[in-house]
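Here is a friendly walk through one protein model. Keep the sequence and the 3D view open beside you, and look up each residue as it comes along.

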Amino acid sequence: MKYFRSIIHFAKPYMGYAWLNIIANVFYALFGTLAFVSLMPMLKVLFQNATKVSSRPEFQGLGNVGQYGEDLMNYYITQQIETQGELYALSWMIALVISTFLLKNLFGYTAMYFITFLRNGVLKDLRNEVYRKTVALPIAYYSEKRKGDTIARISSDILEIQHSFLSILELLVREPLMIVFTIVAMLLISAKLTLFVFIFIPLSGFAIAYIGKSLKQKSGRVQKEQGIFLSIVEETLGGLKIIKGFNAQGQFQERFESSTRRFFRFSNKLMHRQSLAVPISEFLGILVIAILLWFGGSMVLVEHSLAPEAFIVYMGLAYNILTPAKAISKASYSVKKGNAAAERVLEVLTTESNIKEPENPIAKRDFNESIELCNIRFRYEKEWVLNALSIKIAKGQTVALVGQSGSGKSTIANLLTRFYDVQEGSIKLDGKDIRDLRIKDLRGLMGLVTQDSILFNDTVFGNMRVAKPDATEQEILEALEVANAKEFVLALPEGLHTNIGDSGNKLSGGQKQRLSIARAVLKNPPIMILDEATSALDTESERLVQDALDKMMKHRTSVVIAHRLSTIQKADLIVVMSKGKIVEQGKHDELLQAKGIYHNLVKMQSFQ
Ligand SMILES: Nc1ncnc2c1ncn2[C@@H]1O[C@H](COP(=O)(O)OP(=O)(O)O)[C@@H](O)[C@H]1O
Ligand SMILES: [Mg+2]
């Protein structure tokens, strides 16, 4: 119930609809019961069994309401038959039956109509909230999670919540009311017989508890497996070239099939357990009905204390009570199933980001002096990746980070942008700890160009607007110009408005890279962080991209992580890193003269 309450929280904005639903349901349950009771006068006429009542009965308080109702009914039937004949009376009684059934269904529809807004509204809000959280969670969260798992939570888990949890909302009012009204009607017809119905309640409670026991656990496994196979699909689509190129279809097919096999097994178990619900409660129900038939039958045949038509209606009501009872027992399984899904969704929503916004952020929208890494230590897991490292980058400078792969260069870029936080020491922007700035302000000051250019399935225009949502075509063209990308973009079939495919795959590597540079240019931040922005390119496009980068870095402060040393000779400071430490630093010429590690690195590359 814990999760159910948290989910119900999302229904708050739709409480108006909930009230309308409740009101409609009260009438639905009322007319649902009356619909059966209304069969009684019709049967009376048919069986010619109406006691003649020629004077209108007096109302004598609620205690005798059953007798009063029957007398009143008999009085009207007597009148009708005497003045208009039996067939005429029958047609009136049939009209009564039709109109109560009509009203019942009308209110039933109305109730569903209103609750639909609530159900789908909760679905929508929950999805929006999970999406917001998905983006807000730190990058680190996803290095351990499968993407498909996140996709499963936002799609099928939330759908399961809507399906199972919220379907009980519509039962919550309607079915209990239906039971109450029906029991009242049954009590009015025969109190003695009604006592037997209560046998059904503990019996079915027992059955429900038995079936529901393992349902949550089973459902949790099914939902989790869904995440796994979505992950496989996601990875397969992302790596199609490698899968085909390495003839690895078989491996992936096997991986996928082992997941669907598990899904097959788990969901078979789940559904088998679930399918038990209806037959068991129906069979228990019919046992009760059999008992009623025996006792009621003897009341009609032997004791003559119950009229046959009253007994027929009574049996109808007793059977009718099974429907809501069944619905309630089904709903209780639904809650168990929904619980598993809700747990997974709420897990995302309640995960605290370990990249915290400061409580009292320092307002800072500009960059004036320097960025400083002060004696920082950082690790992703157990091993220190950066160890007691200090670098000062003055405004306007270009600082290059070089060193073997794995030496911690990209990690520095991750820390500057606060994708991760340092464990010891601090990073200061104009003397202020970046953890005291609003994350949005900090990132607003930085432009990021990564090695694998990340583009979206949209037009060039749409991709550029990621950096600046209100950019005009003119501004975008200017940024493309700086990035040496204008020419090729304008040559595309629809220019700026050409769709560039999934992750920009309709473009070449160099073109993608220039677009992501143009995107950073358009943002126009004072600080640029370039993480191996040219290392994936051939010489020709590297020249174009390098030229674009040089233009972009002019008048800016830049941190350049470079694989090819030829690209950073002009840097104001070259920092040579090894295993998370600075081993050398200085300008290109100084470092060459020192004949140290940098000298060796340059020598090795010039042989290539
Ligand atoms: N998300 C991560 N989780 C755990 N370890 C990581 C992660 N990213 C990088 N590392 C480790 O940190 C070290 C430095 O990586 P990185 O900064 O990417 O190196 P570089 O960019 O210099 O090649 C490597 O040993 C790498 O294995
Ligand atoms: Mg790197």
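H555 is exposed because 7 other C-beta atoms lie within 10 Å. The scale behind that word works like this: a residue is buried if 20 or more other C-beta atoms lie within 10 Å of its own, exposed if 12 or fewer, and partly exposed in between, with C-beta atoms placed from the backbone. You will find H555 in the loop between α20 (539-553) and β8. Its phi angle is near 65°, a positive value in a residue other than glycine.

Before going on, a word about what you are looking at. This is a predicted model, in which local features need pLDDT of at least 70 and side-chain atom pairs count only at pLDDT 80 or more, while totals for chains, interfaces and linings use all residues. Residues are numbered from 1 along each chain as its sequence is written, and chains are lettered from A and ligands numbered from 1 in the order in which they are written.

N524 also has a positive phi in a residue other than glycine, near 55°. N524 sits in the loop between α19 (509-523) and β7. How exposed is N524? It counts as partly exposed, because it has 13 C-beta neighbours inside 10 Å. R465 is partly exposed too, with 17 C-beta neighbours inside 10 Å. R465 belongs to helix α16 (residues 460-465). The C-alpha atoms of R465 and I476 are 8.2 Å apart, and the two residues are separated by eleven positions along the chain.

Now for the whole protein. It has 22 helices and ten strands; these are DSSP runs, numbered from the N terminus, with helices (H or I) of at least four residues and strands (E) of at least two. The protein is divided into domain 1 (2-350) and domain 2 (370-606), with bounds that come from an automatic or database domain assignment. Taken over C-alpha atoms, the centres of the two domains are 58 Å apart. The C-alpha atoms fill a box of roughly 125 × 50 × 45 Å along the principal axes. The radius of gyration is 37 Å, whereas a compact globule of 608 residues would have one near 25 Å. That radius is taken over C-alpha atoms, and the globule rule is 2.2 Å times the number of residues to the power 0.38. Of the 608 residues, 35% are buried.

Next, the strands. Two strands pair if DSSP finds at least two bridges between them. Strand β7 (residues 527-531) is largely enclosed by the rest of the structure, because five of its five residues are buried. I527, I529 and D531 cover one side of β7, and M528 and L530 the other. In a regular strand the side chains alternate between the two faces of the sheet. Strand β3 (residues 398-403) is mostly covered, with six of its six residues buried.

| Strand | Partner | Bridges | Facing residues |
|---|---|---|---|
| β3 | β8 (residues 557-561) | four | V399 and V559 |
| β3 | β9 (residues 573-578) | five | V399 and L573 |
| β6 (residues 446-449) | β7 | four | V449 and L530 |
| β7 | β8 | five | L530 and V560 |

Another sheet is antiparallel. Four strands form this open sheet in the order β2-β1-β4-β5. Its edge strands are β2 (386-394) and β5 (432-433), each pairing on one side only. Strand β1 (residues 370-378) pairs with β2 over six bridges in the antiparallel sense, and I371 has I393 in β2 as its bridge partner.

Finally, which residues surround ligand 1? They are S143, Y380, E381, V385, S405, G406, S407, G408, K409, S410 and T411. A residue is near a molecule if its C-beta atom, placed from the backbone, lies within 6 Å of it. Helix α14 (residues 409-416) gives the largest share of this shell, three residues. By class, the shell has two nonpolar, seven polar and two charged residues. Here Ala, Val, Leu, Ile, Met, Phe, Trp, Tyr, Cys and Pro count as nonpolar, Asp, Glu, Lys and Arg as charged, and the others, Gly among them, as polar.
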